[in-house]
Amino acid sequence: MAHRKARERDMLDSVYSMLALVFILVACVELCDAATVVDVYRLIQYDISGVPFGSRLASLNHHAGSLHFSPGADLSRTVVMIPVRELNISFVTEYVSRKHPLGGMLFLLPEIFRLENGGGGKDVREKEVVKNVLLELEKLLVHAKLPYPVYFAFENDEIDAVLDDVKKNDATGQPATATTGGLVDNSVIENAGYFVSYVYPLECELYKLVIPIAEPKKVASPTITNIQGWLQGLKADGDANQLPTIAIVASYDTFGAAPALSVGSDSNGSGVVALLEVARLFSLLYSNPKTRGRYNILFGLTSGGPYNYNGTHKWLRSFDQRLRESIDYAICLNSVGSWNNELWIHVSKPPENAYIKQIFEGFTNVAEELGFKVGLKHKKINISNPRVAWEHEQFSRLRVTAATLSELSAAPELLESTGGLLDSRHFVDETSFIRSVQLVAESLARHIYGYQGKNIQIFADNSSLAVNPSYIRSWLDLLSQTPRVAPFISKNDPFIMALKKELADHTDEVIMQHEVLDGMFTFYDSTKASLNIYQVASVTFDLLLLLVLGSYLIVLFSFLVITTRGLDDLISLFRRPPSRKVEVSQEKLANDNYECVMV
């Protein structure tokens with residue numbers, strides 16, 4: 001008896017060992033099929049007055065497809081991989097406007113748009129080809145509600161190889177089915193992110209795209225931070241009156257289709273860098289009492305620009321009445337880094353206004369000396385309309401003279417021209433940008449020191465007060481690698497602290513103002529994730545492998561039973577057990593006999 005139990009124990013140990021081996025083999029097949037892992041950037045998700053926009057889902061668990069699918073194909077379980085350089089905008093427009101079922105979209109951006117890549121003049125033709133496509137694509141995606149995940153990624157060798165295989169698969173034109181492939185049960189497959197919903201020939205390579213991420217949550221009480229610094233003017237002896245003030249302002253945050261890629265090199269990184277360089281130049285002048293002007297200069301880096309300049313509104317409301325009345329005029333800098341031969345001054349007051357004339361003439365004279373033009377655009381403010389198209393309009397609403405200097409000839413629409421996918425370092429013209437800085441600095445200096453109309457270069461090239469291209473380049477590079485969508489920037493973000501430190505190096509009394517972004521906008525988190533690409537065998541291969549393993553298990557089990565318990569025990573396993581009906585009849589007969597005996 002003890003010997004038999006020992007044999008049974010040995011048999012069970014062998015069976016357990018065999019099952020463990022099988023599970024290890026299956027796990028290896030499942031886990032070793034990962035082709036690559038790439039960083040992906042999610043399409044923005046937000047609400048305006050409760051109306052949803054952008055991508056409403058974040059997690060992804062579908063197989064990969066391309067634009068080479070058969071007409072009428074079911075794409076409800078397909079993530080379409082779309083290189084931007086090959087983008088069929090009509091396909092995207094149709095699926096977005098008609099709300100066709102789709103598993104998701106993955107847009108592949110050219111490598112030159114990667115944040116860590118510098119600028120340069122190479123690939124000019126490629127950049128121009130992609131430019132118009134990206135503009136149209138981003139405008140479409142930002143203003144649509146998409147009930148599936150949408151992501152962006154950068155092209156590389158690995159993902160290009162995956163896309164090539166996917167295109168070959170789709171070119172076979174195999175019909176879609178509801179067949180599920182795999183080596184384990186569906187619950188395990190779903191948890192492992194391994195689900196195949198199409199049947200392909202055995203020689204085809206299938207790919208599964210998986211992003212295991214929690215569903216997005218609302219960003220609670222997003223903060224905006226304004227930073228201001230002063231350069232105090234020089235008062236004359238016995239002068240008790242407050243000195244006039246000139247304000248230089250630039251909004252630093254951005255908005256775009258992919259928040260994690262919205263760096264806004266031109267809009268409004270160029271405005272921020274121009275402000276910092278002007279602050280550096282005037283700090284040199286104001287550090288010496290002999291060259292300090294009789295104007296205070298107020299520098300403001302504001303947040304909430306894409307959202308009706310909400311930060312600028314809160315910043316101005318924090319001013320006391322004396323400070324607000326002391327402002328002679330304000331110059332707002334917006335997108336001054338990529339233009340050809342003309343900049344524009346946008347104003348709310350009529351061009352006949354004496355202050356507006358003075359500002360325009362001063363900028364026009366300097367621009368002519370630098371070899372380009374400055375135009376004037378007048379746009380009235382509708383007080384009943386909460387929409388604010390330009391930053392200077394927040395000043396104008398408080399009856400403060402202000403203007404915006406920009407390369408844009410017309411006011412952008414809401415959430416447009418605020419740092420989208422196209423607004424990268426590659427599209428900033430350093431030569432034009434340096435001329436913009438020279439224009440602002442020289443025009444302000446001539447106004448402060450009373451040199452209007454005189455051909456005097458205070459910030460002449462090759463002088464100690466010349467514009468520093470290296471300084472400009474370094475800050476442009478930093479901003480071009482730093483996404484700055486306000487709801488995702490904390491008040492102690494390293495970038496915010498870097499701006500504060502830089503402004504403190506060149507100005508006095510640096511103050512930070514933290515406010516809650518209010519209004520009609522609601523934002524959701526999950527802006528960046530890791531995409532796992534699994535290489536999946538076809539269903540035919542799975543079935544064949546399952547058949548081989550099943551046959552192996554049956555043979556091995558039979559061998560173990562014969563060697564440990566004998567052939568008779570093995571045969572008994574396959575004998576048909578007595579039916580339930582016979583057992584019941586025998587039990588009834590026994591009861592009847594018992595009753596007869598009792599009687």
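Start with the largest cavity: 21 residues line it, and Gly305, Pro306, Tyr309, Asn334 and Thr418 sit nearest its centre. A cavity here is a set of points, on a 1 Å grid over the protein atoms alone, where a 1.4 Å probe fits but cannot get out, and lining residues have an atom within 4 Å of a point. The space inside the largest cavity comes to about 200 Å³, where a volume is the space filled by probe spheres set on the points, with grid points joined across faces, edges and corners. Sorted by class, its lining has nine nonpolar, eight polar and four charged residues. Nonpolar covers Ala, Val, Leu, Ile, Met, Phe, Trp, Tyr, Cys and Pro, charged covers Asp, Glu, Lys and Arg, and the others, Gly among them, count as polar. Across the whole structure, a search turns up seven cavities of 30 Å³ or more.

A word on what you're looking at: this is a predicted model, with local features needing pLDDT of at least 70 and side-chain atom pairs counting only at pLDDT 80 or more, while totals for chains, interfaces and linings use all residues. Residues are numbered from 1 along each chain as its sequence is written, and side-chain values use heavy atoms, leaving out hydrogens and water.

Now for the open space. A pocket is an open set of points with protein on both sides within 12 Å along at least five of seven lines. The largest pocket has a volume of about 660 Å³. It is lined by 25 residues, the closest to its centre being Leu135, Ser417, Thr418, Leu422 and Asp423.

Four strands make an open, mixed sheet in the order β7-β3-β2-β18. β7 (145-146) and β18 (521-523) are at the edges with a single partner strand each, so one side of each has no neighbour in the sheet. Strands (E, at least two residues) and helices (H or I, at least four) are DSSP runs numbered from the N terminus, and two strands pair if DSSP finds at least two bridges between them. On to β3 (residues 51-55), which is joined to β2 by four antiparallel bridges, and here Asp47 has Pro52 as its bridge partner. β2 and β3 form a hairpin with two residues between them, and Ser49 in the turn has a positive phi of about 55°. Finally, β3 and β7 pair in the parallel sense over two bridges, with Ser55 opposite Leu146.

What about charge pairs? The count is 14 salt bridges, each a side-chain nitrogen of Lys or Arg within 4 Å of a carboxyl oxygen of Asp or Glu. One of them joins Lys314 and Asp518, whose closest N and O atoms are 2.9 Å apart. This pair ties together distant parts of the chain, 204 residues apart: Lys314 is in helix α7 (residues 310-317), and Asp518 is in the loop between β17 (508-516) and β18.

Asn308, in the loop between β12 (296-302) and α7, has a positive phi of about 60° although it is not a glycine. Ser267 and Asn268 are joined by a cis peptide bond, with omega about 0°; Asn268 lies in the loop between β11 (245-251) and α6 (269-286).
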